[in-house]
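The sequence and structure are shown first.

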Amino acid sequence: MDDFPASAEKAATPPARRSRPDDGLKSFRDRLTHGTTHKPEFEYELLTMFARNETSAPFAMPALCFIFYIASMFWASFMEATMWIAIVSITRVYMLDQCRRLLAAPRAEVNVGQWRRHFLRIELLNGLALAAFALIGISAVPPTHSSPATFSSHVFIFATLMVVLAIRMTFASTLPRVFLAGTVPMTLAVTGRLFTLGDPFYFALASMAVGIHVFFVYLARGLHSTALAMVEYRAEKDDLISELEEASAISDEARRRAEAANKAKSRFLATMSHELRTPLNAIMGFSEVMEKELLGPIGSDTYREYARNIYTSGDHLLCIINEILDLSRIEAGRYDLSEETIRLTDIAEDCERLVKIKADAKSLQLVENFAPDLAHVWADPRALRQICLNLLSNALKFTPRGGRITLSVGHTSDGGQFITIADTGPGIPKKEIPRVLQAFGQGSLAHESAEGGTGLGLPIVQNLIHLHGGTFDLQSELRKGTEVTVTLPRQRVLKTITPLQPLGQERHRDPAPPRPVRQPRMRSSSPYGASTPYRAGA
């Protein structure tokens with residue numbers, strides 16, 4: 001480092017930053033070009049910090065120098081003091097002008113090394129001008145003169161040195177060589193003047209001036225290390241922010257493309273429903289005709305068996321395609337609910353009848369647990385039937401022979417309704433539950449001990465119940481079974497409105513009371529007082 005020892009540079013070095021392979025070569029080339037030890041951008045920041053410090057308090061040093069000028073009248077001539085203040089003012093004005101010029105210049109046009117040397121020369125002139133304060137009036141005071149005024153003048157010069165060291169350390173610590181150029185001349189001048197007096201007290205004062213100057217140098221070095229570390233950490237923060245913004249932009253673009261691709265895939269599959277189902281229906285229909293020999297005998301049991309296998313395979317493939325298309329339509333947002341008033345118990349009973357034959361074939365016990373007097377719900381019966389069938393089919397697949405499947409329908413605590421299917425199958429390890437809930441995901445233990453499948457049943461159930469605004473919950477314990485619960489919110493439960501009037505006692509059914517017969521009123525219509533009946537409208 002050109003300003004302080006290498007130990008200070010090590011103290012200011014922040015943790016290693018992430019950089020590209022060519023950053024080191026580029027940084028080394030930039031340092032050679034600008035004549036700096038650190039990165040040019042760091043040196044530029046330190047240089048501008050010095051300029052901002054100078055311009056932030058433009059009247060601090062001139063005001064202080066004016067006080068020195070007034071005080072020097074007690075031991076120096078008016079001419080010497082005036083010349084001194086004029087020189088100091090010129091150098092200060094020039095320094096401020098150059099600092100403003102640097103701050104106004106574009107970053108690309110600033111050569112850090114040249115500007116640093118330029119400020120070093122200006123500060124050296126300023127330091128020499130300040131050092132002249134310790135020499136003005138020296139010829140008028142004999143070295144052996146020890147009057148109180150002479151003693152006070154030397155103590156004041158010593159105090160002036162302390163103030164100048166403190167101020168220049170604060171302003172110029174970011175450029176250590178500039179700090180030395182502005183303070184060393186004055187320290188030498190003050191020390192030389194005190195040594196020429198030949199008094200032990202002034203010897204001690206001069207030695208103290210040198211020691212204090214060294215102390216301020218170490219303080220300035222610490223401030224420089226702190227400023228350099230702050231600049232480097234700020235640059236690292238800016239780099240990290242830039243990397244995060246770039247990574248975020250890349251991630252957003254990748255997510256946008258993935259979402260677009262997923263929507264395109266879903267739209268493609270959703271529109272392929274007819275094209276995929278039509279040939280399968282033809283295959284299944286023709287194979288069924290051949291198997292049942294509706295148009296005549298085949299003549300070979302092998303061909304008949306082949307026709308049966310073709311029908312079974314086509315039916316299995318059609319089920320898989322239906323599941324894929326249903327999931328694709330849901331993901332594409334093209335699954336419309338056809339809602340109507342239904343009972344969950346009716347849906348559960350229908351699904352139970354559909355799977356009972358298969359359950360009996362595996363000796364499985366189907367247990368019903370329906371809450372009485374369940375209210376109607378507003379939902380899509382086809383979707384709820386598919387939910388219940390998918391859950392029951394999974395339970396049938398994964399429950400071993402002789403097991404038990406419990407189908408429960410009831411109320412939730414918040415007023416909704418639920419369907420729960422619990423089995424005594426092998427269960428699912430907790431770490432595999434997220435994979436099971438994904439499309440085409442299957443658990444390892446269940447896959448080994450049960451029939452094959454596509455792994456789309458549970459994702460379809462999740463999506464269908466979410467379309468209804470409900471919730472899906474899967475609880476499973478390894479080798480103890482699985483329990484799946486789907487819940488409809490209370491907003492879908494239809495409540496019976498209490499009649500405003502008891503049935504059979506409505507007011508509009510009461511017989512109307514007989515209308516009273518109006519009696520004609522009599523009025524006198526002759527001058528003799530004879531009475532005649534009053535007719536309406538008369």
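Asp 473 is found in strand 6, which covers residues 471-477; strands here are DSSP runs of type E with at least two residues, helices are runs of type H or I with at least four, and both are numbered from the N terminus. This is a predicted model, in which local features need pLDDT of at least 70 and side-chain atom pairs count only at pLDDT 80 or more, while totals for chains, interfaces and linings use all residues. Residues are numbered from 1 along each chain as its sequence is written, and side-chain values use heavy atoms, with hydrogens and water left out.

The two residues below are described by relative accessible area, where buried means under 20%, exposed over 50% and partly exposed in between (1.4 Å probe, protein chains only).

Contact is taken as heavy atoms within 4.5 Å. Neighbours within four places in sequence aside, Asp 473 is in contact with Glu 483, Val 484 and Thr 485. Glu 483 lies 10 residues from Asp 473 along the chain, and their C-alpha atoms are separated by 8.3 Å. The side chains of Asp 473 and Gln 475 are joined by a polar contact of 3.1 Å; such a contact is a pair of N or O atoms within 3.5 Å, and within protein one must be able to donate a hydrogen and the other to accept it, with residues adjacent in sequence counting only if both atoms are side-chain atoms. With the same exclusion of neighbours within four places, Asn 390 is in contact with Gly 457, Ile 460 and Val 461.

The largest cavity has a volume of about 40 Å³. A cavity is a set of points on a 1 Å grid, over the protein atoms alone, where a 1.4 Å probe fits but cannot get out, and lining residues have an atom within 4 Å of a point. The lining of this largest cavity includes Leu 344, Phe 418 and Val 486. Strand 5 (417-423) and strand 7 (481-488) are the elements that give two or more residues to that lining. Its residues divide into 7 nonpolar, 2 polar and no charged.

At the level of the whole chain, there are 16 helices and 9 strands. Of its 538 residues, 40% count as buried. Among contacts between residues at least 6 apart in sequence, 73% join residues at least 24 apart.

Definitions and conventions
On a 1 Å grid over the protein atoms alone, a cavity is a set of points where a 1.4 Å probe fits but cannot get out, and a pocket is an open set with protein on both sides within 12 Å along at least five of seven lines; lining residues have an atom within 4 Å of a point. Grid points are joined across faces, edges and corners, and a volume is the space filled by probe spheres set on the points. Ala, Val, Leu, Ile, Met, Phe, Trp, Tyr, Cys and Pro count as nonpolar, Asp, Glu, Lys and Arg as charged, and the others, Gly among them, as polar.
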